[in-house]
Every structure is written in structure tokens, then in C-alpha cells.
Amino acid sequence: MSTKYVVSASGGQSSRVTAGAAPLIYRKNIVLAKFGISETTLRRWMSSEKFPRPRQLGPRAVGWVAAEVDSWLEERPVAASTSSHTDD
């Protein structure tokens with residue numbers, strides 16, 4: 001049995017699939033835009049930051065499972081606030 005994927009080409013949510021549970025897939029341009037990073041940074045994250053590996057979608061197409069990417073983002077530490085403003 002093969003796995004079906006719903007591919008996000010615009011960065012927004014794609015339409016729901018009623019014929020099965022197909023995970024939402026982000027293509028590379030969506031991942032780069034979502035994080036505002038370069039391809040070099042994406043490759044570095046995959047090797048050192050444990051960013052999810054892409055899935056092979058076809059002979060020349062790969063994509064990332066959106067839930068894995070979103071989970072990775074949620075697990076990253078939150079930066080400390082640099083604001084020195086205090087409410088008195």
C-alpha cells in the first residue's frame with residue numbers, strides 16, 4: 001500500500017482529502033519561505049539541527065511532512081527577549 005501526500009504549493013493550507021489521511025507536504029520553496037532561510041541554511045539544519053529529512057515524492061521531487069517540520073519548530077528553544085523596557 002502506498003502513502004498519499006497532499007502537497008502545499010502556496011504555503012497556505014491545502015484542501016482536505018476525503019479519500020484517506022494524506023499528510024500535508026511542504027516543498028522546498030515553502031520551507032525556505034516559512035523560515036526565511038537559504039538553501040545552505042536548510043542543508044546545515046538537516047545535518048546539525050536535526051531538521052526533518054525530506055521524503056521522496058517522485059523521481060525528481062522531494063518534500064517535508066508538515067507535521068514533522070511544525071513539531072521540530074515547536075521543540076526549538078524560544079529566544080530571550082532583548083527588550084529592557086519594564087512596566088513600573
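Q: Glu39: buried, partly exposed or exposed?
A: Glu39 is partly exposed, at 38% relative accessible area. Partly exposed sits between buried (under 20% relative accessible area) and exposed (over 50%), using a 1.4 Å probe and protein chains only. This is a predicted model, where local features need pLDDT of at least 70, side-chain atom pairs count only at pLDDT 80 or more, and totals for chains, interfaces and linings use all residues. Residues are numbered from 1 along each chain as its sequence is written, and side-chain values use heavy atoms, leaving out hydrogens and water.

Q: Which side chain does Lys28 meet in a salt bridge?
A: Glu39, at 3.1 Å from N to O. A salt bridge here is a side-chain nitrogen of Lys or Arg within 4 Å of a carboxyl oxygen of Asp or Glu. Lys28 lies in helix H1 and Glu39 in helix H2, so the pair ties together parts eleven residues apart in sequence. Helices are DSSP runs of H or I with at least four residues, strands are E runs of at least two, and both are numbered from the N terminus.

Q: What links Lys28, Glu39 and Arg43?
A: A network of salt bridges. Arg43 meets Glu39 at 4.0 Å, N to O. Those two are four residues apart in helix H2, about one helical turn. Arg43 is partly exposed at 48%.

Q: How many salt bridges does the structure hold?
A: Five. One of them joins Lys34 and Asp70, with the closest N and O atoms 3.6 Å apart. Lys34 is in helix H1 and Asp70 in helix H3, so that pair ties together parts 36 residues apart in sequence.

Q: Switching topic. Which residues of H2 are buried?
A: In H2 (residues 39–48), they are Thr41, Leu42, Trp45 and Met46. Seen down the helix axis, they fall within an arc of 140°, so they line one face of H2. That arc is taken from the directions from the helix axis to the C-beta atoms.

Q: What covers them?
A: The cover includes helix H1 (28–35), strand E4 (61–65) and helix H3 (66–75).

Q: What comes just after H2?
A: Lys50, with a positive phi of about 65°.

Q: What order do the elements run in?
A: From the N terminus, β-β-α-α-β-β-α. That comes to three helices and four strands.

Q: How much of the chain is buried?
A: Buried residues make up 27% of the 88 residues.

Note on methods: Contact means heavy atoms within 4.5 Å.
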